[in-house]
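Morning, everyone. Please have the viewer open. I'll keep this short.

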Amino acid sequence: TNLAYSEQPVTVGVPQLTFIPSPVNLYVGGTLDVIINRATNENNADLDITLVANDPNLFGVVPPQLTIPAEANSATVTLTAYNGGSNSMAIQLGTYGTNLPVIVAQPNLVMYSLVIHELESGNMTITRVGGNNAVGLAIDISNSNPSNFYIPSSVEIPAGAVNVSVGVSGI
């Protein structure tokens with residue numbers, strides 16, 4: 001028996017992905033879940049995705065590879081911000097790729113002034129405004145006049161706190 005067949009071109013479309021949120025905005029030390037969605041009419045097969053932080057010093061992504069199973073429409077990855085700046089996360093699906101913008105901001109710091117005199121001491125408060133309070137925040141301090149007062153060169157706002165008290169001594 002001879003079976004006849006005809007050659008028909010087959011077009012394979014690129015899955016349309018959306019990301020929530022887009023772009024991604026984080027503070028240093030923060031984490032954020034990003035939802036990757038695909039259209040419901042494109043969920044008839046597993047979809048393998050590779051995710052890469054284009055600047056791994058800026059942020060990390062977990063998991064770096066995932067599969068959206070057949071019949072499922074979305075998956076979630078977690079981004080963790082390490083340093084301030086902006087770049088993107090590369091999303092690779094086979095030979096197709098796209099990028100999701102990622103912006104990592106430094107939290108704002110507010111310092112309340114302190115008046116001290118020679119040989120006196122006092123405490124200055126540094127407050128974190130914005131950012132992820134669930135993680136500690138290391139702060140480097142520069143003393144513009146070390147012959148007149150002493151202040152530590154670094155302090156840390158502990159995890160769960162929004163401020164830290166810093167001892168300052170007049171010389």
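I'll take a loop residue, then a pocket, then the nonpolar cores. One caveat before that: this is a predicted model.

Start with Ala39. Where does Ala39 lie? Ala39 lies in a loop, between strand 3, residues 31–38, and strand 4, residues 47–53. Is Ala39 buried, exposed or partly exposed? Its relative accessibility is 27%, so Ala39 counts as partly exposed; buried would need under 20%, and exposed over 50%. Now its contacts. Leaving out residues up to four places away in sequence, Ala39 touches Gln16 and Asn73. Tyr96 is 57 residues from Ala39 along the chain, and their C-alpha atoms are separated by 16 Å.

Next, the pocket. The largest pocket has a volume of about 160 Å³. How many residues line the largest pocket? The lining has 10 residues. Nearest the pocket centre lie Gly13, Pro15, Glu42, Asn44 and Leu47. By class, the lining splits into five nonpolar, two polar and three charged residues.

Now the cores. The largest nonpolar core holds 26 residues. Which of these touch the most other members? Those are Ile36, Ile49, Leu51, Leu79 and Met89. Zoom in on Met89. Again skipping residues up to four places away in sequence, Met89 touches Leu51, Val52, Asn54, Phe59 and Val61, among others. Its contacts also include Leu79, Thr98, Asn99, Leu100 and Val102. There is also a second, separate core, with 12 residues. Among them are Leu137, Ile141, Ala161 and Val164.

That's my tour. Over to you.

Key:
Residues are numbered from 1 along each chain as its sequence is written. This is a predicted model: local features need pLDDT of at least 70, side-chain atom pairs count only at pLDDT 80 or more; totals for chains, interfaces and linings use all residues. Side-chain values use heavy atoms; hydrogens and water are left out. Helices (H or I, at least four residues) and strands (E, at least two) are DSSP runs, numbered from the N terminus. Buried means under 20% relative accessible area, exposed over 50%, partly exposed in between (1.4 Å probe, protein chains only). Contact means heavy atoms within 4.5 Å. On a 1 Å grid over the protein atoms alone, a cavity is a set of points where a 1.4 Å probe fits but cannot get out, and a pocket is an open set with protein on both sides within 12 Å along at least five of seven lines; lining residues have an atom within 4 Å of a point. Grid points are joined across faces, edges and corners, and a volume is the space filled by probe spheres set on the points. Ala, Val, Leu, Ile, Met, Phe, Trp, Tyr, Cys and Pro count as nonpolar, Asp, Glu, Lys and Arg as charged, and the others, Gly among them, as polar. A nonpolar core is a set of buried Ala, Val, Leu, Ile, Met, Phe, Trp, Tyr and Cys residues joined through side-chain atoms within 4.5 Å.
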